[in-house]
Amino acid sequence: MGSAQPQLRAWWKESSVYQVYPASFQDTTGSGTGDLKGIISRVDYLKDLGVDVVWLSPIFASPQKDMVGLKLSSSRAATPRGYDISDYKAIDPIYGDMGDVDALRDRLHERGMKLVLDLVVNHTSDQHEWFKESRKSKDNPFRDWYIWRPPKYDAQGNRQPPSNWESHFQAKEDEDAHGFLTLVTTQGSAWEYDQATDEYYLHLFCKEQPDLNWENPAVREAVHDVMRFWLDRGADGFRMDVINFISKDQRFPDSDSAVSRGHEFYACGPRCHEYLRELGAILKEYDAFSVGEMPCVQDQDELIKAVGADRGELNMIFHFEHMDLDYGPRGKFSPGAWSLAKLKSVVGKWQKFMYDNNGWNALYLENHDQPRVVSRLAYDDPEHREASAKLIAAFHAFQAGTPFIYQGQELGMTNVPKEWPIEEYKDVDCVNHWNLYKDTADEETKQLVKAEYQRKSRDNARTPMQWDSTPQAGFTTSSSPWMRVNDNYKDVNAASQAANPRSAYHAYRQVLQKRKEHRDMFVYGSFEPVDEPNERVFAYRRKAADGASALVVCNFSLDAVAWKTEDREPKDVLFSTHDRTLGEVSGGQISLAACEAIALLL
């Protein structure tokens, strides 16, 4: 599609985003769960880091059923996640109240920073008043706010769901003799039977998360009202959860897909872009930020429709292609290995495609659903952890797009220790998977799947933020935080790194600063891969419209590498993980240590 066009300039392109997972960021009450006042207390830390936008994972009123209230350990609280919202205009008490949101907004705005909220509008909680009304009767005014369909019946007269669509998450709670909750089954029907009205409702996720019916104009108006409520209150935009699922093929046909049956009929469904343009019109009115989560879509032409500069839909989207590089043949928890060649292919594809078609990339390597990047793409052993984190900083933030930094990424926080027992894991994906193996598999198989949990579990991203070396890493005064603190907090924490100018924290500060200082190159410039066949080094050029250019070289290996370049002599060292001088990188060859990265102004 298309050819390179002049890049439209916008504040959100020049910004960087920091994602906060509120439950794990900072607890000020001793409850063991993070809260809004805790985020407020750390705003200056974020300002000093150099980020421009703070995005909060959901803070709205929620029964927290989308994580099924796991109690794998009697000493730990239920898992807060909050993607099942029961009131879009109220704050969940575990995090605080509306006054806390206002105070956070003001604290950020006073420092020239912006606040982005998580908009979850493909579905609601089944405890939302809209759904409570909807399920009362077929003639209730809210009935058509959700997707209800009559049963089918087989030849023997047995009731069947309206179609064979599967939910992305379906689990059942069972309580054992000790009062602990366990989970069984991994996927099930996306339809839940409601005996009171003899119909099924659609839920692409938990049965407690019924899907809204976006075909109903009243639903769309209600969503628009929620957006305006928060934008009028001073929010600066939204991250939009699974926003490409909002339009469904109204035939609801049976699916032939081998996995997640039905997704081909709702991932960017028939009216998706129409609905996104309606949202985009509101966002444009407020000059607001938007990033859409768009899973189950690989078609570049479909994705550019959502983020093309002339489309009026979203600013940018999260795609997932680079997140699947280490998945095995049986999916996430089967053994698989990423390779630098695969990473180069995916990164290069999206960098070039978005630039050539006037779209925009959301650059992320971590979030609340992904493991820690130093453990995933680099090395988290004590000898190489810090160098790995600094390597990732350069590789990540010098690409074309808006960089998203997940809490603790700037410190090089790691996956949970290999020694942690399965009882410490709360991620429902893991628990569902483990229940398939724990009673039937041999010991060797059990060890293999446990190793995959340690590599890929979402728990890796949800351990509490490591602020200092005091008990519980300074996250809470409680002796039982909702999630166990990573054992390495005394070595990896914000206090020690802020005081050390050669730390990973300061590497992130530097790359974010250089990105702004050289925005014509690093924000608006083109991307060109260099030395693509190299199996150890990921190198690329960024080039501004006026011809100014930079070379970024990242050694992803543990080997010392003598890397040759045909570029002209560098003018300056913009960033170096190993404090290289200009003299050390001249002469057409660069000597790279293990996990070394360097950015040169040419």
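Colleague: In β12, which residue is the bridge partner of tryptophan 191?

Modeller: This model is predicted: local features need pLDDT of at least 70, side-chain atom pairs count only at pLDDT 80 or more, and totals for chains, interfaces and linings use all residues. Residues are numbered from 1 along each chain as its sequence is written, and side-chain values use heavy atoms, without hydrogens and water. β11 pairs with β12 (residues 199-202) in the antiparallel sense, over four bridges. In β12, the bridge partner of tryptophan 191 is leucine 202.

Colleague: What is the strand order in the open sheet that holds β11?

Modeller: Strands are DSSP runs of E, at least two residues, and helices are runs of H or I, at least four, numbered from the N terminus. Strands pair if DSSP finds at least two bridges between them. β6 (148-149) and β11 (191-194) are edge strands, each pairing on one side only. The three strands pair antiparallel, in the order β6-β12-β11.

Colleague: Which are the edge strands of the eight-stranded sheet?

Modeller: The order in this open sheet is β15-β14-β13-β5-β2-β1-β17-β16, with parallel pairing. An edge strand here pairs on one side only. That picks out β15 (316-318) and β16 (362-363).

Colleague: In β15, which residue is the bridge partner of glutamate 293?

Modeller: Strand β14 spans residues 289-293. β14 and β15 pair in the parallel sense over three bridges. For glutamate 293, the partner in β15 is phenylalanine 318.

Colleague: Why is α7 called oblique to α8?

Modeller: α7 (residues 300-307) and α8 (residues 340-356) have axes 11 Å apart, at an angle of about 50 degrees. Angles under 35 degrees count as roughly parallel, over 145 as roughly antiparallel, 65 to 115 as roughly perpendicular and the rest as oblique. So α7 is, relative to α8, oblique.

Colleague: How many residues of the contact of α7 with α8 are nonpolar?

Modeller: In α7, Gln300, Asp301, Leu303, Ile304 and Val307 take part. They meet Lys349, Trp350, Phe353 and Met354 in α8 (contact means heavy atoms within 4.5 Å). One residue is polar and two are charged, leaving the nonpolar ones, which number six.

Colleague: Which residue in the turn between β18 and β19 has a positive phi?

Modeller: β18 (residues 526-530) and β19 (residues 537-543) pair in the antiparallel sense over five bridges. Valine 530 has alanine 539 as its bridge partner in β19. The two strands form a hairpin with six residues between them. The phi is about 55 degrees, and the residue is aspartate 531.

Terms used: Axes fitted to C-alpha atoms, helices over the stretch in contact; angles between N-to-C directions. Nonpolar A, V, L, I, M, F, W, Y, C, P; charged D, E, K, R; others polar.
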